[in-house]
2 protein chains.
Amino acid sequence: MGNKRFVSEDVEFFKVGKTNFVLKVDTLVQSTDIPNQMSLQDAARKSVVACVSDFASKGVKPEFGLVSITIPKKLSDKKIKDIASGLGKASKEFGFKFLGGDTNEGKEIVIHVLLFGSTKKIILRKGAKTNDKIITTGPFGYSSAGLKILLEKKKASGKFSKKAKKSVFRPNPKLKFGVENAKFFSSSMDSSDGLATTLHEMVKQSKRQFTISKLPTNRDVLDFAKTNKIKPFDLVFHGGEEYEIVATISPKNLSKVKSNAKRQKISLFEIGKVSAGAGVVYKTGSKTIKIKNKGWLHFRS
Amino acid sequence: MGNKRFVSEDVEFFKVGKTNFVLKVDTLVQSTDIPNQMSLQDAARKSVVACVSDFASKGVKPEFGLVSITIPKKLSDKKIKDIASGLGKASKEFGFKFLGGDTNEGKEIVIHVLLFGSTKKIILRKGAKTNDKIITTGPFGYSSAGLKILLEKKKASGKFSKKAKKSVFRPNPKLKFGVENAKFFSSSMDSSDGLATTLHEMVKQSKRQFTISKLPTNRDVLDFAKTNKIKPFDLVFHGGEEYEIVATISPKNLSKVKSNAKRQKISLFEIGKVSAGAGVVYKTGSKTIKIKNKGWLHFRS
């Protein structure tokens, strides 16, 4: 066993022989991470999704999990069962097995998930090469639109509202796609801290510049932004809670990855390219603007 | 990777080739596990001790750790530093390295520690043989006396009070002893859920009877019990929070283990022996009584 890595990564890992053991912990706290409208089944699932999404971005299948649940003394049996059921279903959905865990008593619900797996090769946040293409595995903006609908009563059509809330309550990490395609990535990262934050971390570690020329989003997100006088740019880059993979890919591998995405019915967005330099810029027409490294704040009830 | 074990153990483990990977999570919750008089440095250390003690009982050295800390928004920088410092010092004390972790915001402090390591052979709770001797790596009763002094204002001399409170605030798991001697154990278990609970779990898994003929405790615990009209039997068997190893050892290995304990200045107690049958009994003079499988409750503020 040994660990020679001192930079920030989506997962923790350590090498034994030729195998990398991969671990990720995530903590979901009721007062900070669970909107009132969210079911405990979905909250429990989301605590798993947060880890699964990091595994997906590294192309590693989680194999085992441990869970610790802190619950208030007065929590009903029904609600405890909802948490257990959400966790159990999530482990089936993402194909790993919970080995065990513990329960504790506390003032609010805290769900703490640890997943682990193994891989021969691990794709890092570092490694983007000049001329690589930048992709995302899905559109951005739905989750922050969803939170704005839930918490700030922003206006939206019934159809859009449903879609946006679903992306908050039941995010869909692209595990199968990541496991299948990570071998084609020169670098990759989970996007759940927000797209701008993710791109900035990747350029910093790769010592390159990313030029974004296409917003990875859909027409209905732009319409929602317009109706509510929100800048689409902010929804897409500074929203957060999108559990997508952001990766850089050599141009020679792009068509293969695109056809794999199509087969899996994943909306792959090619959003820009890697060049020598530093920072993240957005190029629209003849205008080039800097994208700020501005994160997002946890939901607070 | 594979997991074929469905019985309760001190640690979780899974086999890769000939190596067992060993994991343990522990969650320390402010309102449930931290008495007011306890410093946050000691609380943080204790969250590590709870895992280390389980590793000790299995004879495995923890090599890496992950930590998740949930903290209230209003917690002072000083207190956050105390938690970090307590964790950092504990990792040095027990010789492992924290790989990383995360922090979260919540209503109260929750410290969640994961430790992992590896071993060729793992000693189980199951495996006690007829005629084996039963040992503990230290005396019982100090921790529950300490909690009674702290929470119920029980009477004690200054010297005893200090010793008893120290066993609550800074328990001393016998990691080095466990790592060195586990090869001589036929079965073993961490005792922190209480001695009676531990012995009952071991007999259940080994399908044997344990006959206890000596209380693993000291004169000053008996004096404290007498002064406060508490049964010494209850303090020793049903106290809990003693981070000791309870193990069974073939008579032929006992002198070796005893001399190892002496070299490490550990008070080894030989408390009884294993026989055919079931259950746990206490034999004092000509009287034999059943020891109930009665646990203990978490401290509640």
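Student: Where is Lys229(A) placed?
Tutor: Lys229(A) is in the loop between α8 (219-227) and α9 (232-237) of chain A. Helices (H or I, at least four residues) and strands (E, at least two) are DSSP runs, numbered from the N terminus. The model is predicted, so local features need pLDDT of at least 70 and side-chain atom pairs count only at pLDDT 80 or more, while totals for chains, interfaces and linings use all residues. Residues are numbered from 1 along each chain as its sequence is written, and chains are lettered from A and ligands numbered from 1 in the order in which they are written.

Student: What is the phi of Lys229(A)?
Tutor: Phi is near 50° for Lys229(A), a positive value in a residue other than glycine.

Student: Is Lys229(A) buried or exposed?
Tutor: Lys229(A) counts as exposed because it has 7 C-beta neighbours inside 10 Å. A residue is buried if 20 or more other C-beta atoms lie within 10 Å of its own, exposed if 12 or fewer, and partly exposed in between, with C-beta atoms placed from the backbone.

Student: And Glu241(B), buried or exposed?
Tutor: Glu241(B) is buried, with 23 other C-beta atoms within 10 Å. Glu241(B) lies in the loop between α9 (232-237) and β9 (245-249) of chain B, and its phi is positive, about 75°, although it is not a glycine.

Student: Staying in chain B, how many residues of β10 are buried?
Tutor: Five of the seven residues of strand β10 (residues 269-275) of chain B are buried, so the strand is largely enclosed by the rest of the structure.

Student: Which strands pair with β10(B)?
Tutor: Strand β6 (residues 133-136) of chain B pairs with β10(B) in the antiparallel sense over four bridges; there, Lys133(B) has Lys273(B) as its bridge partner. Strand β8 (residues 209-212) of chain B also pairs with β10(B) in the antiparallel sense over four bridges, and Gln209(B) is bridged to Ser275(B). Two strands pair if DSSP finds at least two bridges between them.

Student: New topic: how is chain A divided?
Tutor: Chain A has domain 1 (12-119) and domain 2 (133-290), with bounds from an automatic or database domain assignment. The domain centres, taken over C-alpha atoms, are separated by 24 Å.

Student: How many residues of the two domains are in contact?
Tutor: In chain A, 18 residues of domain 1 are in contact with 18 residues of domain 2; contact requires C-beta atoms, placed from the backbone, to lie within 7 Å. Helix α2 (residues 40-58) of chain A gives the largest share of the domain 1 side, twelve residues.

Student: What about the contact between the chains: how many residues does each give?
Tutor: Chain B gives 30 residues and chain A gives 30 residues. On the chain B side, β4(B) supplies the largest share, seven residues.

Student: Why do the copies meet through the same surface?
Tutor: The reason is that 100% of the interface residues of chain B are also interface residues in chain A.
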